[in-house]
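Dear colleague,

Please find the structure below, handed over for your use. My notes on it follow.

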Amino acid sequence: MNTSSNISCDGKWSADFQFYLFPITYILVMVFGLLGNLGALYVFIFKTEHKSPSSVYIISLAVADTIFLCVLPFRIHYHLNNNNWTFGNTACRLTGTLFFSNVYISIAFMSCICVDRYLATVHPHMYLRLRNTHCAAAVSACLWVLGGTTILTFMFTSPDMHTTGAQVSCFENFSEDEWKTNLAPYSAYSLVFGALLPSIIILVLYPVVARRIARIKTRTARNALRIIYTILAITVLCFLPYHLVYLLHVLWRTQVIHNCLLADVIYKARRVTMALVSMNSLLDPVLYYFATSHCKWTCKWNFNKLKPKKKRGVYAISETL
C-alpha cells in the first residue's frame, strides 16, 4: 500500500460530520418523504379512476420509497449512537439491505416511466397499442420479483456485523477478504445493471423526449416537460454522485486504489453522497405531483359556502356555518 501520503494508512478513517449530517438529513427525509409518498399512494390508488402505465410505475416507486423511509429510524439511531448498532445481526441485515436496495429499485421504476414517456412521444401509434395497465403491472411485478430475489439472496449471504471493542458496525467496515470474495461481485452487478444501464436510459432518452415535447405548445406538453426535468434532476443530484463515489469506494476496498489521501477523500465523499441519495425519496413526491395534474393534491377552501346563498329572492346563511 502506498504510504507516501501524510494521511495514515492504518484503515481508521474518520468523518465526524456524519454524526450530524445523517440524523438531520434522514429525519427531514423521513418526515416530509412519508407525507408525500403516503399522500401519493392515497391519490393514485383511491382517487385516480383511470390508471395509466405511468401511474402503475409511480405506485411501485412510492411503495419502494415508503419501505425505505420506514427503515430510516434504525439508521438515525445508529448514527446518533456514534455508529454503534444495538439491534442485532438480523435487523442489521434486513434494514441495511432494504436501505441500499431502494436506490436501484427507484432507478428501475424511473427508467420505466422514462420509457413510457418516450414511447408516448416518439412512437405514439405503438404506444396506443401497448397502452394498458396490464403490461405495466407485468413489468412492475417482474421488477419486484427480481429485486426481491436479489434482496433475499444478499440478506442471507452478506457478511455479519463487525465488532471492534465495544463498537458494533452495521453494513460498513468490512474486511478486504469479505470485499473480494462476497461484496465485490454484488457491487459490480448493482453498478452495471442497477445503475449504469438505467442511468443511460434516463440521460439519453429523456433529452430526446424533451426536444420533441418542447415543440408542442400545450398544457399537457408543459406538464410532461416538468416530469422529465424532475427525473433528470433527481438522477443528476442524487443517483449519479452516489454511484460515481461508490465505484471509487469499491476500487479502494478491493485494493485497486492504494493512495491513502485519495482513500480518505473517498471515505468522506461517500458519507455525503449517501445523504444525497436518500433525498430521492423526498424529491419523488414532486414527480408525483407533476404526474397527476388532473388530481387535486392541495385542499382548496370552498369559499362559496361562506357566501350568503340566494333563494327565491331572500338571502340566507348556509347551514354549514
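Is Asn83 buried or exposed? With a relative accessible area of 8%, Asn83 is buried (under 20% relative accessible area; exposed is over 50% and partly exposed in between, with a 1.4 Å probe and protein chains only). This is a predicted model, in which local features need pLDDT of at least 70, side-chain atom pairs count only at pLDDT 80 or more, and totals for chains, interfaces and linings use all residues. Residues are numbered from 1 along each chain as its sequence is written, and side-chain values use heavy atoms, leaving out hydrogens and water.

Asn83 lies in the loop between H2 and H3 (helices are DSSP runs of H or I, at least four residues, numbered from the N terminus). Although Asn83 is not a glycine, its phi is positive, about 60°. Gln255, in the loop between H7 and H8, is likewise a residue other than glycine with a positive phi, near 65°; Gln255 is partly exposed, at 22% relative accessible area.

Gln18, in helix H1, counts as buried at 3% relative accessibility. Beyond its neighbours within four places in sequence, Gln18 is in contact (heavy atoms within 4.5 Å) with Pro23, His79, Asn83, Tyr267 and Arg271.

The largest nonpolar core has 75 residues, and Leu72, Phe99 and Ile231 have the most contacts inside it. Such a core is a set of buried Ala, Val, Leu, Ile, Met, Phe, Trp, Tyr and Cys residues joined through side-chain atoms within 4.5 Å. H3 gives the most to this core, with 16 residues. Leu72 touches Tyr26, Val29, Met30 and Phe99, not counting residues up to four places away in sequence.

With kind regards

How values were computed. Helices (H or I, at least four residues) and strands (E, at least two) are DSSP runs, numbered from the N terminus.
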